[in-house]
Structure formats: C-alpha cells, structure tokens
Amino acid sequence: MVELMVDHVLILHDDLELGALAASRLGFRPTPTGHHGQGMGTANTTLMMPDRATYIELLTVTEATEKSAPMRAAMDARGEPHIFGIALKGEAEAAAAHFAQAGISGGPAFGFSRPVDLSGESAEARFSIALMAGGAIPGLHTFVCQHHARDVTWRPDFLDQPNTAQALLSIEGQAADLDEIAASWSRMMGRPAKRDGGDVLIETGTANVRYRQGVGAPILTLLRFAVSDLQKTRACLAGNGVVFTAEGDEIQVSDELGLGVAIAFAAV
C-alpha cells in the first residue's frame, strides 16, 4: 500500500514579491525566488518549517507553457491568491502505479529540478513527481513530490522562523458535498477518510486536512502552524503591525495582507 503524507501546500499568487512581503510580516522568512526549469513556466519562494517535513510554497506563473496551464486557468477563475494545491510525500513511481490502479492517474512519474543558491554556492533541488488527473480531489491540484536533495530544499539558513513556527499542523476549509470530499481523498490516499463531528478529517502523519460543512465548491482557506513560543509569535506580529485575535493557546490572522490564506498559530 502506498504511504502518502502532506509535504507542502501551494499558494498560487499573481505577485510573488507581494506574497513574500505578506509572509514576512507574518513572521516567516521566505527563501529567495527560485525558477523552475524543464518548461514549467513558474517561479516560487518557500516558507520552510524546522520540522524538515513540511513547508509552504508561494507559486507564480512566469511563462505561458503547457505545464503552467493549470495555474493560469486557476488564477483566471479565482482572480486572487489562493491555496491551489497540496503536494504529498511518497515514492513517485509507486504513487503513479497506485493512481493508475485507482483510475486517477495523471500520467507516468517524471523528474525535474530547480537551481538554488546556497550562500553563494550553486546547488540543485531535485524531485520526482507523480501527478493525478485533474479533479481527482475537487477544487485542488494534488500530486506526489519525492525529494532527492532534502538539504537543498529545506535549506538550513532559512529554517529559523521569527514567529517561532515549527511545523504545518493542518490545512482547513469547507465543502458543500462532504461525501464527495471523503470519497475522493480516500481513493487518493488508499485508506478511508475519517468523520470527526461531522467534518471530514484526513490524517496524514504530518499535517492533517479538514473540511467542514459549507456551501459551494470545495475550498481550503486556513493554514495552522505549531509554534514553540506563542508570546514571541504575538510580539512578532505586533511588531510588524499585523492585526490578530487570540483565544487560549492560539492566535489567528485573517487574510488581510494578501497572502491568499488565513493563518493560525497554535502552541503545542
């Protein structure tokens, strides 16, 4: 049975510089802009978590190519930054075989890389990818991302986050048809999604995914992070002029900065 866990979340943004600025005000340290090769037609900046298991990728389209077509279509449809996709950890070839058997294959696994400047030295982040067919998960672009150069992706000089974030805990949103969501995630993961108080909960071993009952098309709108020092998180946000609400052991920030997603910081 294929083993899949959340690796990273893709936030599609029309202005990478503004997205990185919003992330910085939230207390993250975005990596320098990286450009994808192999005709991808995209560029990114990332927010790397010290757990070395999860991260956030801010993604933008730089060129109209066949591979950037889904991103261009999604931005045209939404017209604003948003959670575009979730990448899962796993062995790409095994995942591609699993997706084919489940009837949700997006084709054979393939590799790609992007250059990374590590403190003045050139390095290469290398990946193998297994895609799923469009619509395999309603409203979400999903694929498996196998890392072949983890120390380049989780670059040590960008792991320390001023807001004390340690790991991505959950990705949360809503959907009108929770049965459809549960069935699609179960098919992809190869095991049943859970029901938790009416919600659909997908536990992955890293970050969890939760859908609540809503209206309209499925949408993910909130990222929750584990932090090591909530007081430092509070001070970081206040120092950057960020408005937040606090309740118990959690701080929440609505999407007023233009990042494309609401953020929650939880002491764990």
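Which residues touch the most other members of the largest nonpolar core? In this predicted model, they are Ile171, Trp185, Tyr211, Leu223, Phe225 and Phe265, out of 57 residues in that core. A nonpolar core here is a set of buried Ala, Val, Leu, Ile, Met, Phe, Trp, Tyr and Cys residues joined through side-chain atoms within 4.5 Å. Buried means under 20% relative accessible area, exposed means over 50%, and partly exposed is in between, with a 1.4 Å probe and protein chains only. Helix H5 (residues 178-189) supplies the largest share of this core, 6 residues. Helices (H or I, at least four residues) and strands (E, at least two) are DSSP runs numbered from the N terminus. There's also a second, separate core of 19 residues, with Leu59, Phe84, Ala87 and Phe127 among them.

Residues are numbered from 1 along each chain as its sequence is written, and side-chain values use heavy atoms, with hydrogens and water left out. Since this is a prediction, local features need pLDDT of at least 70 and side-chain atom pairs count only at pLDDT 80 or more, while totals for chains, interfaces and linings use all residues.

Now zoom in on Phe265. Skipping its neighbours within four places in sequence, Phe265 is in contact (heavy atoms within 4.5 Å) with a list of residues including Leu26, Phe28, Asn163, Phe225, Val227, Thr233 and Ile251. Take Thr233, which is found in helix H6 (residues 230-239). Thr233 is buried, at a relative accessible area of 0%.

Rings of Phe, Tyr and Trp (its six-membered ring) pair if their centres lie within 6.5 Å; planes under 30 degrees apart are stacked, over 60 edge-to-face, and the rest tilted. That rule gives 5 aromatic pairs. One of them is Phe28 with Phe225, a tilted pair at 5.0 Å centre to centre and 55 degrees between the planes. Phe28 sits in the loop between helix H1 (16-25) and strand E2 (34-35) and Phe225 in strand E13 (residues 219-227), so the pair ties together parts that are 197 residues apart in sequence. Both Phe28 and Phe225 are buried.

What about the charges? Side chains of opposite charge can pair when their charged atoms come close. Counting a salt bridge as a side-chain nitrogen of Lys or Arg within 4 Å of a carboxyl oxygen of Asp or Glu, the total is 11. In one of them, Arg224 pairs with Glu250, the closest N and O atoms being 2.8 Å apart. Arg224 lies in strand E13 and Glu250 in strand E15 (residues 250-253), so this bridge ties together parts that are 26 residues apart in sequence. Arg224 is buried, at 15% relative accessible area. Arg224 and Glu250 also belong to a salt-bridge network that includes Glu172, Asp196, Asp199, Arg210 and Arg212.

Another bridge joins Asp179 and Arg195, with closest N and O atoms 2.5 Å apart. Here Asp179 is in helix H5 and Arg195 in strand E10 (residues 194-196), so parts 16 residues apart in sequence are tied together. Asp179 counts as exposed at 55% relative accessibility, and Arg195 as partly exposed at 46%.
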